[in-house]
Amino acid sequence: MIVLAFALTLVLLLITALHVYWGIGGIWPGRDAASCARAVIGFRGVDEMPAPFASFAVAACLGLATLWPMALEGVFATPFPKAGLAATALLIALVFLARGIAGFTPWWRRLTPEQPFARLDLRYYSPLCLLIGLGFAILALTEFPA
């Protein structure tokens, strides 16, 4: 399970770094703020990136989630009991699974129709959320104390 924990940590660290990058004004994968927003936000009529605070808030949540697999595997000391870490990992799994599933619903498509977000979401973002959620669920369920 340590390989899964490291993989989750690496993926979440990269996603966290992207949110920090956007928070400081980065525009990749777009050419400007509007095209970046259409690629990574996707809400109807979006023409600018969210306020830096929003990007940093998401980055903070992701950064915290990044620590969870390593803590669950005992890579570093934590004051939290193993059962609490596993239960929280299960909650994190549910958040990512819900986001991943939502990306395939007509409701989400109506909410986020902008291109290229809609295409990227179906191809990459939602499946990645499902994989992250599945990874957290596997870690959580295998780490619950017997």
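The side chain of D121 makes a polar contact with the side chain of R99, at 2.7 Å. A polar contact here is a pair of N or O atoms within 3.5 Å; within protein, one must be able to donate a hydrogen and the other to accept it, and residues adjacent in sequence count only if both atoms are side-chain atoms. This is a predicted model, in which local features need pLDDT of at least 70 and side-chain atom pairs count only at pLDDT 80 or more, while totals for chains, interfaces and linings use all residues. Residues are numbered from 1 along each chain as its sequence is written, and side-chain values use heavy atoms, with hydrogens and water left out.

Let us stay with D121 for a moment. D121 lies in helix α6, residues 117-143; helices are DSSP runs (H or I, at least four residues), numbered from the N terminus. With a relative accessible area of 0%, D121 is buried, a word that means under 20% relative accessible area, with exposed over 50% and partly exposed in between (1.4 Å probe, protein chains only). Leaving aside residues up to four places away in sequence, D121 touches R99, G103, W108, R109, S126 and P127, where contact means heavy atoms within 4.5 Å.

R99 also leads us to the largest pocket: of the 30 residues that line this pocket, I15, H19, V40, V58 and R99 lie nearest its centre. A pocket is found on a 1 Å grid over the protein atoms alone, as an open set of points where a 1.4 Å probe fits, with protein on both sides within 12 Å along at least five of seven lines; lining residues have an atom within 4 Å of a point. The volume of the largest pocket is about 1,000 Å³, taken as the space filled by probe spheres set on the points, which are joined across faces, edges and corners. Helices α1 (2-23), α3 (52-72), α4 (82-102) and α6 each supply at least two residues of the lining, and the largest share, seven residues, comes from α6. By class, the lining has 27 nonpolar, two polar and one charged residues. Ala, Val, Leu, Ile, Met, Phe, Trp, Tyr, Cys and Pro count as nonpolar, Asp, Glu, Lys and Arg as charged, and the others, Gly among them, as polar.

V40 takes us to helix α2 (residues 33-40), where six of the eight residues are buried, V40 among them. What covers the buried residues of α2 includes α1 and α6. At the start of α2, a side-chain oxygen of D32 comes to within 3.2 Å of the backbone nitrogen of A34. Just after the helix, G42 takes a positive phi of about 80°.

F43, W107 and W108 form one aromatic cluster. Rings of Phe, Tyr and Trp (its six-membered ring) pair if their centres lie within 6.5 Å; planes under 30 degrees apart count as stacked, over 60 as edge-to-face and the rest as tilted. The count comes to five aromatic pairs.

Finally, look at two cis peptide bonds. One joins W28 and P29, with omega about 15°, and P29 sits in the loop between α1 and α2. The peptide bond from Q115 to P116 is cis too, with omega near 10°, and P116 is in the loop between α5 (106-111) and α6.
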